[in-house]
Amino acid sequence: MNQKTFSSVWDAIENTAAEAENMKLRSSLMMALEQHIRAKGWSQTEAARRLGVTQPRISDLLRGKINLFGLDSLVNMAAAAGLHVELHLRELDPA
């Protein structure tokens, strides 16, 4: 049996490296937003008001429905929350 090792679950389940990288960024942003909302003690209604989205959108975020969020919307919510988003690029290790 041939076993393959992956550095991320996204690398294992996505079809392309680009899709995996997109999912990694989206999941990181979603986790940061969730932690921020919980740390501030915001209700879903309060978080929605502060982030400029609807309460059902916050519910989707807190439930981890990653397929419903694009990078643009997550970056916009992070900025509205007063969070600074940084992107670091590095060359992938050759396979």
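This is a predicted model: local features need pLDDT of at least 70, side-chain atom pairs count only at pLDDT 80 or more; totals for chains, interfaces and linings use all residues.
Residues are numbered from 1 along each chain as its sequence is written, and side-chain values use heavy atoms, with hydrogens and water left out.

The protein chain contains five helices and zero strands, in the order α-α-α-α-α along the sequence. Helices here are DSSP runs of H or I of at least four residues, and strands are runs of E of at least two, numbered from the N terminus. Of the 95 residues, 27% count as buried, that is, under 20% relative accessible area with a 1.4 Å probe, protein chains only. The chain exposes about 7,000 Å², of which carbon and sulfur atoms supply 51%; these areas come from the Shrake-Rupley method with a 1.4 Å probe. Among contacts (heavy atoms within 4.5 Å) with a separation of 6 or more, 51% join residues 24 or more positions apart.

Helix α3 (residues 44-51) packs on helix α4 (residues 55-62) at an angle of about 105°, with the axes 8 Å apart. The axes are lines fitted to C-alpha atoms over the stretch in contact, and angles run from 0 to 180 degrees between N-to-C directions. That angle makes α3 roughly perpendicular to α4, a term covering 65 to 115 degrees. From α3, Gln44, Thr45, Ala47, Ala48 and Leu51 meet Gln55, Ile58, Ser59 and Leu62 of α4. By class, this contact holds five nonpolar, four polar and no charged residues; Ala, Val, Leu, Ile, Met, Phe, Trp, Tyr, Cys and Pro count as nonpolar, Asp, Glu, Lys and Arg as charged, and the others, Gly among them, as polar.

The largest nonpolar core has 18 residues, of which Leu33, Ile37, Leu51, Ile58, Leu61 and Leu74 touch the most other members. Such a core is a set of buried Ala, Val, Leu, Ile, Met, Phe, Trp, Tyr and Cys residues joined through side-chain atoms within 4.5 Å. Helices α2 (17-40), α3, α4 and α5 (71-80) each supply at least two residues of this core, and α2 gives the most, with five. Leu51 touches Leu33, Ile37, Trp42, Ile58, Met77, Ala80 and Ala81, not counting residues up to four places away in sequence.

In α4, the buried residues are Ile58, Ser59, Asp60, Leu61 and Leu62, and they pack against α2, α3 and α5. Just after α4, Gly64 adopts a positive phi of about 75°.

Note on methods. Buried means under 20% relative accessible area, exposed over 50%, partly exposed in between (1.4 Å probe, protein chains only). Angles under 35 degrees count as roughly parallel, over 145 as roughly antiparallel, 65 to 115 as roughly perpendicular and the rest as oblique.
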